[in-house]
Amino acid sequence: MSAIFISYRRSDTSGYGGRLQDELADRFGEAQVFRDVDTIRPGVDFAQVIDQAVVGCDVLLALIGRDWLAVAGPTGGRRLDDPDDFVRLELASALERGVVVIPVLVEEARMPKPTDLPAPLVGLTRFQAIELSDERWHYDVGRLVTRLEEVLGPETPPVTPEPAPRPQSVEGGPRRPMARLAKPLISLAVVVVLAIVVGQLTGNGSSPDAGVNANAGVGGPVGRGTTGAGVDAVLATVPVDKTVWYLGFKVTLDSATVRRVDGAAVLDIPVRLENQRRSNVYAGDVISSGAIIVTSNGRATELSSDSDLPLVPGRATGKGTMRFGVGDDFSLTDAVVMLGSADKNQATVPLVQSGNLVALEPVPIALGDKSLSAGVFSIEVAGAELRADVLERNPALDVEVAKGHRSLVLHLATASTTETFGRNFTPGNLVVGLPDGSTVATEYLNEVIYPNQPARDVDVWFVVNDPPAGAYQLILKGGPDEDATASIAFSVP
């Protein structure tokens, strides 16, 4: 399968789609880029090939032109409102499967708002867009290639973009830290600090910046000190080494450092981010969308946009930094980081104190049998757990679980069908039987499975309000014959 899928509308961005395909094929190879006109052979089922290509790709480029939202179909309605529209199907399939989506804006188009889109496509607005213009084409494509290499890995020599003209902002999606700009700035700051220290030590024998207290902020307010603007001075550092679960990530807080940057006090907390879902996720897009605050001395401070929260591949671990702009009255002694809204299941981490940690750790569920076959469907269940930290309705649209509630998560190792063609695997095919005899289905299961396909992960989420202890069943319904069912019994502690 191709690693890069280009989604475009012929009446809107066809020319840009072909031009971009040529550029990306030169960098990644023709076999790694899918665009329907050149890739689909005559006589092949168009919809099936599209769906297979989306399933097999690592990143989808959504080309959005000036008329992308408004393009009308044969009946006069918007094409995007038609459930059978190919562009809508491509994007909905990618969002549902956790494929990394990059909106690519051309013709000076603007990023759609959530209210502009049908429900299955709202997740598109959570991804950061890249703009391609005719005037800066090679530079803009270079930026896009750099982003693709972050997702796919640098399998080809990196592209060095040409000098950019005056920067232009691109609307849509949360901004991420400018890592490439940060490195030279950090290097410059280090040089400045060394120059100041050397000058002070060799000038009159005085110690550097006597006004900065290395212990400030641990037992009391950080204080103002006398550090000059632009100098990064560490005021206090404490080890944390505590782990919580939040929005599908296992988050370990390594340490906490209060420092003064440009005259302002900031709190930096390096974090280890274990992505527990199958999809590649920009942690900044997901985590910054929730409510993360640090409290101290009765004051609450939100997570700063300067936080460095990177792309983390599915089932992999990345490192980043949470940053908070704290005031001069901030003290690490009573500081607590809270992850999640107050009316949801909220993880809490006291940075210094040993008690009151609320980790929201998932509860594993033991399954006796793990294979199910009914009618045309067969599935293998890799595991099950109860989670309190997130309901993943869609990989790009996370919803925090209400306080006191948990969601039942099933990890399917693979699913297959005995049919000779692809068949939809929908909420009606997989339900959970509760102890009271009722059943609950996941509203967002929408997989297309094929015969003899390679094993792949599928995560299925069921909302069970305050799940009672007792006997449950996972029930598989086998397709056109509704009487064909199979079930696995399990218990919730």
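Visitor: Where does Arg272 lie?
Guide: You'll find Arg272 in strand S8. Strands (E, at least two residues) and helices (H or I, at least four) are DSSP runs, numbered from the N terminus. Before we go on: this is a predicted model, in which local features need pLDDT of at least 70, side-chain atom pairs count only at pLDDT 80 or more, and totals for chains, interfaces and linings use all residues.

Visitor: Why is Arg272 called partly exposed?
Guide: The labels go by relative accessible area with a 1.4 Å probe, protein chains only: buried is under 20%, exposed is over 50%, and partly exposed is in between. Arg272 has 42%, so it lands in the middle class.

Visitor: Which residues is Arg272 in contact with, leaving aside its neighbours within four places in sequence?
Guide: Contact just means heavy atoms within 4.5 Å. By that rule, Arg272 is in contact with Lys250, Val251, Thr252, Thr317 and Gly318. Thr317 sits 45 residues away along the chain, yet the two C-alpha atoms are separated by 7.0 Å.

Visitor: What makes Thr257 count as buried?
Guide: Thr257 has 9% relative accessibility, which is under the cut-off, so Thr257 is buried. This residue is in strand S7.

Visitor: What does the side chain of Thr257 make a polar contact with?
Guide: The partner is the side chain of Thr237, at 3.2 Å. A polar contact needs a pair of N or O atoms within 3.5 Å; within protein, one must be able to donate a hydrogen and the other to accept it, and residues adjacent in sequence count only if both atoms are side-chain atoms. Beyond its neighbours within four places in sequence, Thr257 is in contact with residues including Val234, Ala236 and Leu267.

Visitor: How many residues does the largest nonpolar core have?
Guide: That core has 39 residues, and Leu253, Leu267, Val337 and Leu351 have the most contacts inside it. "Nonpolar core" means a set of buried Ala, Val, Leu, Ile, Met, Phe, Trp, Tyr and Cys residues joined through side-chain atoms within 4.5 Å. Among the elements that give two or more residues are S6 (233-246), S7 (249-261) and S8 (264-275). S6 gives the most, with seven. A second, separate core of 31 residues includes Ala374, Phe377, Leu430 and Ile488.

Visitor: Why is the pair of Phe5 and Phe34 called stacked?
Guide: Phe, Tyr and Trp rings (the six-membered one for Trp) pair if their centres lie within 6.5 Å; planes under 30 degrees apart are stacked, over 60 edge-to-face, and the rest tilted. Phe5 and Phe34 have centres 5.0 Å apart and planes at 15°, so they pass as a stacked pair. Phe5 lies in S1 and Phe34 in S2, so the pair ties together parts 29 residues apart in sequence. Phe5 is buried at 1%, and Phe34 is buried at 5%.

Visitor: What makes the pair of Tyr472 and Phe490 stacked?
Guide: The centres are 5.7 Å apart and the planes are at 20°, so this pair is stacked too. Tyr472 is in S27 and Phe490 in S28, 18 residues apart. Tyr472 is buried at 2%, and Phe490 is buried at 4%. The whole structure has three aromatic pairs.

Visitor: How do you know that Asp241 is exposed?
Guide: Asp241 has a relative accessible area of 61%, which is over 50%, so it counts as exposed. Asp241 lies in S6 and has a positive phi of about 50° although it is not a glycine. Most residues other than glycine have a negative phi.

Visitor: Why is Leu360 called buried?
Guide: Leu360 has 15%, which is under 20%, so the label holds. Leu360 is in the loop between S15 and S16, and its phi is also positive, near 55°.

Key:
Residues numbered from 1 in each chain as written. Heavy atoms only, no water.
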